[in-house]
There are 2 protein chains.
Amino acid sequence: MSKQGGLPLAEQGTSCCAPMAREPLGEDDAAELSRMFKALSDPVRLRLLSLIASHEGGEACVCELIGPFDVSQPTISHHLKVLREAGLVDCERRGTWVYYWVLPATLARLSALLQAPATAMEVSA
Amino acid sequence: MSKQGGLPLAEQGTSCCAPMAREPLGEDDAAELSRMFKALSDPVRLRLLSLIASHEGGEACVCELIGPFDVSQPTISHHLKVLREAGLVDCERRGTWVYYWVLPATLARLSALLQAPATAMEVSA
DNA sequence: AGCCTGTATCGACAAACATCGATACAAGAG
DNA sequence: CTCTTGTATCGATGTTTGTCGATACAGGCT
């Protein structure tokens, strides 16, 4: 688990939380952010993330995350690892089971970045 | 250009604009959204998008989008096509030049999806 | 200790992707 | 019409990615 070392990418998040319509992304920020979006670029991972995020208690056991999919258990495990290394989720072992939860700060950062430039639909004022 | 047919993916956007923490994504929504995030999963495309979004007038000529990168012109053209097919930008030819602009509705949809479940940092009330 | 169940890692393989140079297409200039 | 410049498409190539079965690791039982 990420407890014992190998700080995930997002934890070091330095700058860039403003909408990207404000100013162009630097190369470094773009590289880091693209790794997070890459983690979201697979339908299985997107569903995994939403399953975890919407699960009661804010966390889900891996054993509950395998049934909904048509892919093998190692594949689910791989996808969870990708999400974890992108800083989107974290996990902890409790006895026999491993629980995953969403890291809201990372989601919030990406969400803020995509804030669209104001158009007729947001600011209907 | 996307004017004359082949409706881009995002244009058909049916549902899913609520934060994914609310309820799990369906398979179809996940597939469609993952294609949009895939378009954001490359550092060059992310920088292209931010260059376009932050450009004065809200649009940028392709000729202004090549200089900032170390990759070839065909590669930039390819990335712009990916962004366009994901419904993130659209373009139009005006005389010799082609101009690209961001489609804010698509960005807004992704941004809303990533709205993090409320934590201490957003709702500090 | 030995077993059983839940989860992660490994190694392999096919499909998808980023990139390039060459080339085609579009449109204004001479 | 021909030349030149801006942009897109094509075909090839090396790399990355998603998936699997086999296997290793972790921890609770008996």
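Helices (H or I, at least four residues) and strands (E, at least two) are DSSP runs, numbered from the N terminus. These labels are used throughout for the model, which is predicted.

The surface near DNA strand D draws at least two residues from each of H4 of chain A and, in chain B, helix H3 (62-66), H4 and E3. H4(B) makes the largest contribution to this surface, with six residues. In total, 25 residues surround DNA strand D, and the closest are Val71(A), Ser72(A), Pro74(A), Cys63(B) and Pro74(B). Sorted by class, the surface near DNA strand D holds twelve nonpolar, nine polar and four charged residues.

At least two residues of the surface near DNA strand C are supplied by each of helix H3 (62-66), helix H4 (73-85) and strand E3 (97-102) of chain A, and by helix H4 (73-85) of chain B. H4(A) gives the most here, with six residues. The surface near DNA strand C comprises eleven nonpolar, nine polar and four charged residues.

Within helix H4 of chain B lies Ser77(B). Ser77(B) counts as partly exposed because it has 13 C-beta neighbours inside 10 Å. Between Ser77(B) and Ile66(B) the separation is eleven residues in sequence and 9.0 Å in space, C-alpha to C-alpha.

The relation between the two protein chains was examined next. Chain B is superposed on chain A by a rotation of 180 degrees with 0.0 Å of shift along its axis, at an RMSD of 0.0 Å. The two copies are therefore related as by a two-fold rotation axis. Among the residues of chain B, Ser111(B) comes closest to the rotation axis, its C-alpha lying at 2.1 Å. Both copies use the same surface, since 97% of the contact residues of chain B recur in chain A.

The contact between the chains takes 37 residues from chain A and 38 residues from chain B. On the side of chain B that touches chain A, the elements giving two or more residues are helix H1 (27-39), helix H2 (43-54) and helix H5 (104-113) of chain B. H2(B) gives the most to this side, with eight residues. The side of chain B that touches chain A has 24 nonpolar, eight polar and six charged residues.

Nonpolar side chains tend to be buried together in soluble globular proteins. In this model, the largest nonpolar core has 62 residues, and those touching the most other members are Leu49, Leu88 and Val89 of chain A and Leu49, Leu88 and Val89 of chain B. With neighbours within four places in sequence left aside, Leu88(B) is in contact with Met36(B), Ala39(B), Leu49(B), Leu83(B), Val102(B), Leu103(B), Thr106(B) and Leu107(B).

The strands of chain B pair as follows. Strand E2 (residues 89-94) of chain B runs antiparallel to E3(B), and six bridges join them. One pair of bridge partners is Arg93(B) and Val98(B), the latter in E3(B). E2(B) and E3(B) form a hairpin with two residues between the strands, in which Gly95(B) takes a positive phi near 70 degrees. Strand E1 (residues 59-61) of chain B also pairs with strand E3 (residues 97-102) of chain B, in the antiparallel sense and over three bridges. Here Cys61(B) stands opposite Tyr99(B) in E3(B).

Conventions:
Residues numbered from 1 in each chain as written. Chains lettered and ligands numbered in written order. Predicted model: local features only at pLDDT ≥ 70, side-chain atom pairs only at ≥ 80, totals over all residues. Nonpolar A, V, L, I, M, F, W, Y, C, P; charged D, E, K, R; others polar. Contact = placed C-beta atoms within 7 Å. Pairing = 2+ DSSP bridges. Core = buried A, V, L, I, M, F, W, Y, C linked by C-beta atoms within 7 Å. Buried ≥ 20, exposed ≤ 12 C-beta atoms within 10 Å, placed from the backbone. Least-squares fit on C-alpha atoms with pLDDT ≥ 70 in both. Near = placed C-beta within 6 Å.
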